[in-house]
Amino acid sequence: MSKKRAFDLSAIDPGAKPFSTGDKAADKAAVEALALELDELQNLFYADRRFKLLVVLQGTDTSGKDGTLRGVFGQMSALGVQTVGWKAPSEPERDHDYLWRIHQKVPGAGEVMVFNRSHYEDVLVPVVNGWITPLQTRQRYAQINDFERMLTETGTVLLKFMLHISKDEQRARLQERLDDPTKNWKFAPADLTVRKQWKAYQQAYADAISATGTRWAPWTVVPADSKTHRNLMIATLVKRALVGLKLRYPPASDDLAKLRIS
């Protein structure tokens, strides 16, 4: 068996705009229109109930995970859409395997679940900080692949997006958090510690994408220096995935046609 080719994250330009029209105003209008279309598709998805949708948003600090939630999924009804912002595991969570808490939050039939960070934190942070060995890292890659295959084989559509920004763009966004009093709460001193590990995290992302980009759960790297382009690309791909499912409303009962409301 030939060795799988390593993924080169540095080959992708964070400032690229492959989905852009070239007109920022037009791109913004397209995002707004897509958000409304996604709301309609989500309503149909909820009624159909043959599928589940899990959207994974991964990226370094300031890469735009929160902004994606607002811009792409903000118009969807809260009835069928949920979001989880994954933090460091609690003590009870650490008492279980690292996927235990993740499995509890995957979507049910007709639901859309968006992960702000995800189980991929468990092959990023521990790897960069040397908390797990190379053997344990490879084991986790295999376990994640098996976990995601099980999800997709039982009706879950899995979309994995890595929001790819440049180091210069991250610097500008972190500085903005410091300069704007209304954004100070978003800044944490730990952000600077992680920034010093930039190269190590970029390599950890590349390795994770290489090892877990599978036929059943491929990765999409989203050039995200442009917030508008980021939202446009993700909204377009989510819409494409939902349309491809050929969603349908369940057949109405024959008895309903005879009912008259007095």
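Tutor: Here we take the labels one at a time and set each value against its cut-off.

Student: What should I keep in mind about where the coordinates come from?

Tutor: This is a predicted model. The protein chain has 10 helices and five strands.

Student: How do you know that the radius of gyration of the protein chain agrees with a compact globule?

Tutor: For 262 residues the globule rule gives a value near 18 Å, and the protein chain has 20 Å, so the two agree. As for extent, the C-alpha trace spans about 70 × 45 × 40 Å along its principal axes. Residues 24 or more positions apart supply 82% of the contacts that have a separation of 6 or more.

Student: And what share of the protein chain counts as buried?

Tutor: That share is 45% of the 262 residues. The protein chain exposes about 14500 Å², with carbon and sulfur atoms supplying 54% of that area.

Student: Let's zoom in. Why is T68 called buried?

Tutor: Buried means under 20% relative accessible area. T68 has 0%, so T68 is buried. T68 is found in helix α2, residues 65–73.

Student: What does T68 touch, leaving out residues up to four places away in sequence?

Tutor: T68 touches L57, F73, L163, R230, N231 and I234. The side chain of T68 also reaches the backbone oxygen of G64, at 2.8 Å. A polar contact needs a pair of N or O atoms within 3.5 Å, and 2.8 Å is the value for T68 and G64.

Student: Which other residues of α2 are buried, and what do the buried ones pack against?

Tutor: Besides T68, the buried residues of α2 are K65, G67, L69, V72 and F73. The buried residues of α2 pack against the helices α1 (24–48) and α10, and against the strands β1 (52–59), β2 (81–85), β3 and β4 (156–164).

Student: H119 is in a loop, the one between β3 and α5. What makes H119 count as buried?

Tutor: The cut-off is under 20%, and H119 has 1% relative accessibility, so H119 counts as buried. Setting aside neighbours within four places in sequence, H119 is in contact with V56, L99, I102, I144 and E148.

Student: What makes the pair H119 and E148 a polar contact?

Tutor: The limit is 3.5 Å, and the side chains of H119 and E148 are joined at 3.0 Å.

Student: Now T182. Why is T182 called exposed?

Tutor: Exposed means over 50%. T182 has 58% relative accessibility, so T182 counts as exposed. T182 sits in the loop between α7 (167–179) and α8 (190–195), and a polar contact of 2.7 Å joins the side chains of T182 and D180.

Student: What is said about phi at K246?

Tutor: K246 has a positive phi of about 55° although K246 is not a glycine. R117, not a glycine either, has a positive phi of about 70°. R117 is placed in the loop between β3 (112–116) and α5 (125–128).

Terms used: Residues numbered from 1 in each chain as written. Predicted model: local features only at pLDDT ≥ 70, side-chain atom pairs only at ≥ 80, totals over all residues. Heavy atoms only, no water. Helix = DSSP H or I, 4+ residues; strand = E, 2+ residues; numbered from the N terminus. Rg over C-alpha atoms; globule rule 2.2 N^0.38 Å. Buried < 20%, exposed > 50% of the residue type's maximum accessible area, 1.4 Å probe, protein only. Contact = heavy atoms within 4.5 Å. Areas by Shrake-Rupley, 256 points an atom, 1.4 Å probe, with all protein chains shown as cover. Polar contact = N/O pair within 3.5 Å; in protein donor to acceptor, adjacent residues only side chain to side chain.
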